[in-house]
Amino acid sequence: MVDWVSDSDDDGKFEWDSDGDAEPSSAPASRNLDAPGPSTLPKQANGNGAESSALIGNFVGMGFTKEMVLKVIKENGDADTEQLLELLLTYQAIGSDPSVGNCSASVRAPQIVEESDGEDDVNWDEDAAAGNCDRGPDSDGSGDDEGFLQEMSQKDEKIKSIVNMGFPEDEAKMAITRCGLDASVEVLVDSIYASETAGNAYSANLSDYEDTEFISFGRKKTKFMEGSQKKRKRYGSGSQGNPVPFDGSHEEPMPLPNPMVGFSLPSDRVQPVHRTLPDQAFGPPFFYYENVALAPKGVWTTISRFLYDIQPEFVDSKFFCAAARKRGYIHNLPIENRSPVLPLPPKTIYDAFPSTKMWWPSWDPRRQFNCLQTCVASAKLTERIRCSLSNCGDTPSPGVQKCVLDECRKWNLVWVGKNKVAPLEPDEMEFLLGYPRNHTRGVSRTERYRALGNSFQVDTVAYHLSVLRNMFPNGMNVLSLFSGIGGAEVALHRLGIRMKTVVSIEISEVNRTVLKSWWDQTQTGTLIEIADVQNLTAERIQSLIRRYGGFDLVIGGSPCNNLAGSNRHHRDGLEGQQSALFYHYFRILDSVKTIMSGM
């Protein structure tokens with residue numbers, strides 16, 4: 001299934017924070033949501049007939065129908081081949097074709113909420129979609145079914161190829177979601193290998209989950225990977241097919257644990273890990289860094305090297321709440337005597353949103369959500385799903401079930417009525433992520449989705465920070481880098497830790513508004529806001545330390561725009577424009593450590 005991503009370099013205002021690979025999970029929600037997002041604007045054709053003819057031939061050779069290619073070029077011009085390919089993949093993924101019946105209406109490019117500043121100017125064409133599914137008695141709806149079942153022959157072929165190599169089908173599907181439909185089989189296998197191979201540092205922790213079948217399967221993958229790496233070396237290409245590898249891509253990937261349980265969980269499902277920190281890692285201050293776990297090869301090795309060679313703690317929030325969120329954390333906090341914040345959040349969709357259970361079909365096995373992202377499904381997609389299911393009667397065919405489930409898993413759609421799915425509402429995402437109700441209310445829906453998709457999962461972070469509760473009975477001073485909507489601050493507040501002073505650095509004015517509003521309602525300490533980490537110089541850090549007596553905690557997660565699997569076009573690792581801001585996290589932390597060591 002194709003990933004809908006923005007190919008704009010304007011995403012400096014937008015941080016990709018999607019794992020793109022979380023395990024299939026369940027999903028119920030409340031009301032139908034018309035997610036705002038602009039339609040793709042048509043571009044003028046370049047007027048070159050020979051080039052257009054060759055372009056049509058290329059797309060037809062990729063497996064698209066000539067009618068579909070002509071329709072897309074006619075509507076959008078032929079100047080931007082990358083945009084055309086995205087639209088063709090979009091149409092193919094949701095079964096839209098010039099021959100499809102009424103329910104397809106005018107299908108557009110996927111709605112990406114982060115690209116719109118508001119909702120008032122969005123035209124959902126609701127009238128065009130309404131009522132189109134009613135058919136006469138002689139209609140069997142076969143046109144719609146055929147359109148909806150034009151599903152990803154490319155995806156099925158790649159899944160088959162990967163399965164034939166000895167990999168499970170679900171891992172193949174996750175890899176395609178993570179890397180994109182146009183990724184080569186070799187890149188997909190790289191992705192599976194990186195996400196599934198368990199590291200030696202976790203072997204004691206995970207021994208209960210290992211068996212001989214897993215070990216032998218790991219050897220198969222290792223053998224295949226060695227061959228594919230030799231091929232890439234021979235032809236001079238990187239793991240992503242780029243001639244010049246991004247930062248750290250020549251290194252071996254940081255092994256990720258499976259399951260992704262970190263050093264411990266609130267329950268006794270795993271035995272806690274005992275670790276020894278390098279001498280240079282000790283504080284003051286304590287520090288805590290977060291980013292997406294499934295980053296390009298070599299990224300976590302580089303991050304670990306800069307952060308004093310501390311072993312990352314990889315955790316999936318599905319062990320803390322009803323939604324997956326695979327993240328890596330590097331910190332110098334103690335890992336003994338952790339405790340969760342209470343009350344414990346629900347772990348399944350049914351527990352989180354019990355009212356949706358009555359609409360959940362028996363053929364949808366999801367029990368948890370995938371990673372909550374910054375973008376949601378369009379109203380056109382949810383309407384098309386409703387039409388297709390309505391035409392199928394009481395029991396959809398296996399093919400229709402598969403297509404609907406793929407979309408539900410990808411977009412975290414929930415069942416809100418008979419044959420009716422909808423995206424999660426912002427307040428439902430707040431609940432799943434551990435924020436107080438209405439935390440982001442007051443800004444546009446677009447901004448709410450963007451902010452929540454890029455935020456901490458509060459319960460996970462609070463569990464790690466809980467060791468500070470007894471260390472600072474009189475409160476603490478916090479330097480919060482890339483603060484977002486205040487996930488770190490909310491976690492500390494829920495733990496009952498008083499924040500005497502928080503110096504918050506956050507570039508988004510909307511996020512600063514959300515944090516300031518929450519702070520004024522709940523806190524009595526001092527909040528100092530700085531717009532850009534690049535403006536926090538060593539001199540200013542020294543001034544703040546002298547004024548407030550130092551920082552007890554430096555916390556934050558730099559942008560993951562160029563690390564997340566959903567961003568296939570600009571996944572440049574730590575060399576990417578946004579994700580390179582990680583080096584400012586290290587610069588600032590190291591400056592704080594140096595200044596405080598001389599106090």
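How do the axes of helix α15 and helix α16 come within 10 Å, and at what angle do they cross? In this predicted model, the axes of α15, which spans residues 426-433, and α16, which spans residues 445-453, come within 10 Å and cross at roughly 20°. Angles under 35 degrees count as roughly parallel, and the two helices are therefore roughly parallel to each other. The crossing in which α15 passes α16 is left-handed. On the α15 side, the contact is made by Pro 426, Asp 427, Met 429, Glu 430 and Leu 433, and on the α16 side by Arg 445, Arg 448, Tyr 449, Leu 452 and Gly 453.

## The chain as a whole

The protein chain holds 21 helices and 9 strands. Of its 599 residues, 58% are buried. The chain exposes about 25,000 Å², and carbon and sulfur atoms supply 48% of that area. Contacts can also be sorted by distance along the sequence: of those between residues at least 6 apart, 78% join residues at least 24 apart.

## Helix α21 and its surroundings

Helix α21 covers residues 582-597, a run of 16 residues. From its first C-alpha to its last it reaches 23 Å, close to the 22 Å expected at 1.5 Å a residue. Its buried residues are Phe 582, Tyr 585, Phe 586, Ile 588, Leu 589, Ser 591, Val 592, Lys 593, Ile 595 and Met 596.

Which elements do the buried residues of α21 pack against? They pack against the strands β1 (286-292), β6 (476-481) and β9 (553-556), and against the helices α11 (299-306) and α20 (538-548).

The axes of α11 and α21 come within 10 Å and cross at roughly 15°. That angle makes α11 roughly parallel to α21. The crossing is right-handed, whereas α15 passes α16 in a left-handed one. Thr 302, Ile 303 and Phe 306 of α11 meet Phe 582, Tyr 583 and Phe 586 of α21. Of these α21 residues, Phe 582 and Phe 586 are listed among the buried residues of the helix.

## Backbone features in the loops

A cis peptide bond joins Gly 283 and Pro 284, with omega about 10°. Another cis peptide bond joins Pro 284 and Pro 285, with omega about 0°.

| Residue | Phi | Location | Relative accessible area |
|---|---|---|---|
| Phe 482 | about 55° | loop between β6 and α18 (487-494) | 15% |

Is Phe 482 buried or exposed? Buried means under 20% relative accessible area. With a value of 15%, Phe 482 is therefore buried.

Leu 372 is placed in the loop between α12 (349-352) and α13 (379-391). Its relative accessible area is 2%, so Leu 372 is buried. Leu 372 and Asn 454 are 82 residues apart in sequence, and their C-alpha atoms are 8.9 Å apart in space.

Cys 408 belongs to helix α14, which covers residues 398-411. Its relative accessibility is 0%, so Cys 408 counts as buried. Which residues does Cys 408 touch, not counting those up to four places away in sequence? They are Arg 366, Leu 413, Trp 415 and Val 421. The C-alpha atom of Cys 408 is separated by 9.4 Å from that of Thr 382, a residue 26 places away along the chain.

Definitions and conventions. Residues are numbered from 1 along each chain as its sequence is written. This is a predicted model: local features need pLDDT of at least 70, side-chain atom pairs count only at pLDDT 80 or more; totals for chains, interfaces and linings use all residues. Side-chain values use heavy atoms; hydrogens and water are left out. Helices (H or I, at least four residues) and strands (E, at least two) are DSSP runs, numbered from the N terminus. The expected span of a helix is 1.5 Å times one less than its number of residues. Buried means under 20% relative accessible area, exposed over 50%, partly exposed in between (1.4 Å probe, protein chains only). Contact means heavy atoms within 4.5 Å. Accessible areas come from the Shrake-Rupley method with a 1.4 Å probe; for residues, only the protein chains shown count as cover. Axes are lines fitted to C-alpha atoms, for helices over the stretch in contact, and angles run from 0 to 180 degrees between N-to-C directions. Angles under 35 degrees count as roughly parallel, over 145 as roughly antiparallel, 65 to 115 as roughly perpendicular and the rest as oblique. A crossing is left-handed if the near helix is turned anticlockwise from the far one by less than a right angle, and right-handed if clockwise.
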